[in-house]
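Let's take a walk through this structure, one neighbourhood at a time. Keep the 3D view open as you read.

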Amino acid sequence: MIYSSNRSDKVFEDSSRELEGKIKFYDIKEMKRKISFKDDIKSLIQIIKIIRQVKPHLIHCHSSKAGLLGRVSGSLCRINVIYTPHAYFAQNDSLAKRKRYFFTLVERFLSKGTKKTINVSYGEQKFALQHKIVKKNKSTVIYNGISDLQSCRSKEDINNRFIVGTLARVDDQKNPFSFIKVGEALIEKYPNMDFVYVGDGELLEEARKYVSNKKIADRIKFIGFSGNIVEELQRFNIYLSTALYEGLPYAVIEALALKKPLVLSDVTGNNELVIPEYNGFLFPVNQEKIAIEKIELLYNNREAYEKYSTNSYKLFEQKFNLESMIEKIQYVYDSL
């Protein structure tokens with residue numbers, strides 16, 4: 001496995017140590033999230049060296065930067081490449097048209113050397129087909145899956161707080177200031193309701209400064225990176241996502257497995273994790289008033305809350321289990 005220690009966290013580092021001897025890890029320090037011609041060329045050279053040394057039968061790339069460098073390297077080394085985008089950058093409607101078009105062109109070009117694209121949601125695949133990023137015969141949909149978290153059921157909050165939370169990067173894509181707006185309206189009305197945002201990112205300090213200046217940092221908490229996301233999710237009563245675009249977020253799948261009702265922005269990926277009025281609600285991006293109404297409904301109606309909680313777990317069992325994902329990915333590997 002090729003990775004960048006610049007982007008790894010304690011969870012990844014602990015997991016990698018446990019897998020030593022089973023999986024070999026190659027750390028490329030130059031590979032960073034932001035575009036840098038100098039560092040990206042260095043990373044590309046390093047990846048090509050590793051590929052020539054390992055001589056893999058297949059290369060499987062995930063997300064934008066690794067997807068770009070990995071696919072170029074695979075094409076140059078004439079190795080079959082599989083790509084899982086986990087949301088195309090061009091899906092972001094807030095981007096200027098020229099930028100969206102540029103990133104679409106890049107994806108089209110790279111897809112020519114990609115043997116198979118695994119989209120993590122039907123919405124993501126539909127976007128790719130509509131924008132001619134992939135051809136239908138070179139794309140398949142495999143939902144993300146996780147192990148059952150049945151042994152990690154909800155913890156009762158010792159202070160009797162009702163917690164609305166999210167687990168996400170604190171960046172533009174995840175739209176954290178929309179999360180704050182929802183929180184501001186509800187903490188004023190409900191003294192025992194808190195909002196918790198778990199995750200690190202470029203907007204973390206700005207978000208913390210905002211809630212601190214408003215003197216609401218004790219009610220809308222940006223706790224930063226956590227090494228135990230399941231423990232954090234256990235404490236949530238409702239999972240809220242205000243994201244601008246998605247692939248199929250693992251954190252929301254974990255919320256399903258932990259029986260959390262969902263209130264999610266109606267974007268690709270999110271809208272395949274919620275069946276409205278079954279396990280939660282969808283609301284249009286940046287329409288905080290609607291999100292507030294749905295959270296209040298669940299807060300004030302215990303019967304509905306319990307029903308949606310049970311249905312979240314049912315949906316997880318039906319569509320998002322780890323065994324099904326592994327079986328389908330293995331089938332793609334074998335077919336190549």
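## An aromatic cluster

Phe162, Tyr190, Tyr299 and Tyr305 come together as one aromatic cluster. Rings of Phe, Tyr and Trp (its six-membered ring) pair up here if their centres lie within 6.5 Å; planes under 30 degrees apart are stacked, over 60 edge-to-face, and the rest tilted.

A note on the source: this is a predicted model, where local features need pLDDT of at least 70 and side-chain atom pairs count only at pLDDT 80 or more, while totals for chains, interfaces and linings use all residues. Residues are numbered from 1 along each chain as its sequence is written, and side-chain values use heavy atoms, with hydrogens and water left out.

Searching the whole structure turns up 16 aromatic pairs. Take Tyr190 and Tyr299: their ring centres are 4.6 Å apart and their planes sit at 55°, so this pair is tilted. Tyr190 is in the loop between helix 6 and strand 8 (193-198), and Tyr299 is in helix 10 (residues 288-300), so the pair ties together parts that are 109 residues apart in sequence. (Helices, H or I with at least four residues, and strands, E with at least two, are DSSP runs numbered from the N terminus.)

Are these two buried or exposed? Buried means under 20% relative accessible area, exposed over 50%, and partly exposed in between, using a 1.4 Å probe and protein chains only. Tyr190 is buried at 10%, while Tyr299 is partly exposed at 24%.

Now look at Tyr197 and Phe222, a stacked pair with 4.9 Å centre to centre and 20° between the planes. Tyr197 belongs to strand 8 and Phe222 to strand 9 (residues 220-224), 25 residues apart. Tyr197 is buried at 1% relative accessibility, and Phe222 is buried at 7%.

## The nonpolar cores

Phe222 shows up again in the largest nonpolar core, which has 31 residues; Phe195, Ile220, Phe222, Leu240 and Ile295 touch the most other members. A nonpolar core is a set of buried Ala, Val, Leu, Ile, Met, Phe, Trp, Tyr and Cys residues joined through side-chain atoms within 4.5 Å. Helix 6 (residues 176-189) gives this core the most, five residues. Apart from this core lies another one of 28 residues, including Val196, Val198, Ala257 and Leu262.

## Charges over rings

What sits over the ring of Tyr83? That's the charged end of Arg71, 3.5 Å from the ring centre. The charged end of Lys24 does likewise over the ring of Tyr26, 5.4 Å from its centre. To count, NZ of Lys or CZ of Arg must be within 6 Å of the ring centre and within 35 degrees of the ring normal.
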